[in-house]
Amino acid sequence: MTAVKHEWRKHEKELYCPKQQAVQVTVPSMKFLVLDGVGNPNHAAFADDIEALYSLSYGIKMLPKKGVTPDGYFDYTVYPLEALWKQIEHTEQFDKNNLQYRVMIRQPDFVTPDVLEAAIINVSKKKSLPRFKDVRLESIEDGDCVQILHIGLYDNEPESFMKVDEFCSAHDLQRANDEWHREIYLSDARKVEPAKLKTVLRVQVKRG
């Protein structure tokens with residue numbers, strides 16, 4: 001009997017498929033491939049980071065076809081790109097050059113440092129990206145959060161964050177981390193028109 005492919009859109013709707021209304025969720029510890037950076041997300045450095053993460057994420061998924069089958073491996077859909085964002089310095093006028101980010105792609109539980117290393121070796125045979133050496137495997141637990149689906153331009157995200165803040169006020173919650181927020185990119189910005197981009201916005205919360 002063929003094993004069922006794990007589809008995050010189907011099996012993990014609570015985490016990845018919210019509606020355009022704020023909702024509280026509990027986010028467990030999960031594994032990610034992670035890169036840290038600073039600067040404007042429209043610049044080449046950010047694109048290089050994304051390419052490195054996707055190359056290795058697909059490299060891990062394809063390892064069995066390269067003769068390497070990790071213990072506990074199962075077929076799955078590669079998870080979406082995510083990023084944590086914060087302003088380096090708080091200024092009155094928002095400046096994308098004043099951003100610090102941690103960009104990441106979630107990995108299945110079977111991924112270990114050895115599995116990552118095997119993927120780097122295999123992928124490097126076809127492409128060599130300087131950022132490969134900086135990619136790390138990290139477990140991250142967001143815990144109690146409030147999230148919402150934002151549809152449209154990234155620059156219009158404050159409208160959705162207002163709904164998040166209103167939800168928190170109504171439910172005796174406040175942000176547990178005022179500096180960082182998480183974005184999960186459900187759409188490929190290269191293929192989807194800006195007005196239809198889908199992004200999950202998530203903040204950590206605590207009781208007020």
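Modeller: Gladly! Let's begin with the second largest pocket, whose lining is made up of S55, Y58, G59, M62, K66, A119, N122, V123, K125, K126 and K127. Please keep in mind that this is a predicted model: local features need pLDDT of at least 70, side-chain atom pairs count only at pLDDT 80 or more, and totals for chains, interfaces and linings use all residues. Residues are numbered from 1 along each chain as its sequence is written, while side-chain values use heavy atoms, with hydrogens and water left out.

Colleague: What makes a set of points a pocket, and what makes a residue part of its lining?

Modeller: On a 1 Å grid over the protein atoms alone, a pocket is an open set of points with protein on both sides within 12 Å along at least five of seven lines, whereas a cavity is a set where a 1.4 Å probe fits but cannot get out; a lining residue has an atom within 4 Å of a point. Rolling a probe the size of a water molecule over the atoms shows where empty space is left.

Colleague: What volume does the second largest pocket have, and which elements line it?

Modeller: Its volume is about 220 Å³, where a volume is the space filled by probe spheres set on grid points joined across faces, edges and corners. Helices α3 and α4 (113–123) each supply at least two lining residues. Helices (H or I, at least four residues) and strands (E, at least two) are DSSP runs, numbered from the N terminus.

Colleague: And how does that lining divide by class?

Modeller: Four residues are nonpolar, three polar and four charged. Ala, Val, Leu, Ile, Met, Phe, Trp, Tyr, Cys and Pro count as nonpolar, Asp, Glu, Lys and Arg as charged, and the others, Gly among them, as polar.

Colleague: What is the volume of the largest pocket?

Modeller: About 1,500 Å³. It is lined by 42 residues, and F46, W85, Y154, E183 and Y185 are the closest to its centre. Two or more lining residues come from each of α1 (8–11), α3 (44–61), β2 (81–87), α5 (157–170) and β6 (181–185). Helix α3 gives the largest share, seven residues. The class counts are 22 nonpolar, seven polar and 13 charged.

Colleague: How do you know that the span of α3 agrees with its 18 residues?

Modeller: The expected span of a helix is 1.5 Å times one less than its number of residues. For the 18 residues of α3 that should be 26 Å, and its end C-alpha atoms are 26 Å apart, so the two agree.

Colleague: Which residues of α3 are buried, and what do they pack against?

Modeller: Buried means under 20% relative accessible area, exposed over 50%, and partly exposed in between (1.4 Å probe, protein chains only). The buried residues of α3 include F46, D49, I50, A52 and L53. They pack against β1 (23–38), β2, β3 (99–107) and α4. In α4, the buried residues are V115, L116, A118, A119, I120, N122 and V123, and what covers them includes β1, α3 and β4 (136–151).

Colleague: Why is L173 called buried?

Modeller: Its relative accessible area is 8%, which is under 20%, so L173 counts as buried. L173 lies in strand β5. Leaving out residues up to four places away in sequence, L173 touches partners including Q24, V146, F167 and V205, where contact means heavy atoms within 4.5 Å.

Colleague: Why is Q174 called partly exposed?

Modeller: Its 34% falls between 20% and 50%, so Q174 is partly exposed. Q174 also lies in β5 (residues 173–175).

Colleague: Why are A3 and K196 called exposed?

Modeller: A3 has 67% relative accessibility, over 50%, so A3 is exposed. K196, at 53%, is over 50% too and therefore exposed. A3 sits in the segment before α1, and K196 in the loop between β6 and β7 (198–207).
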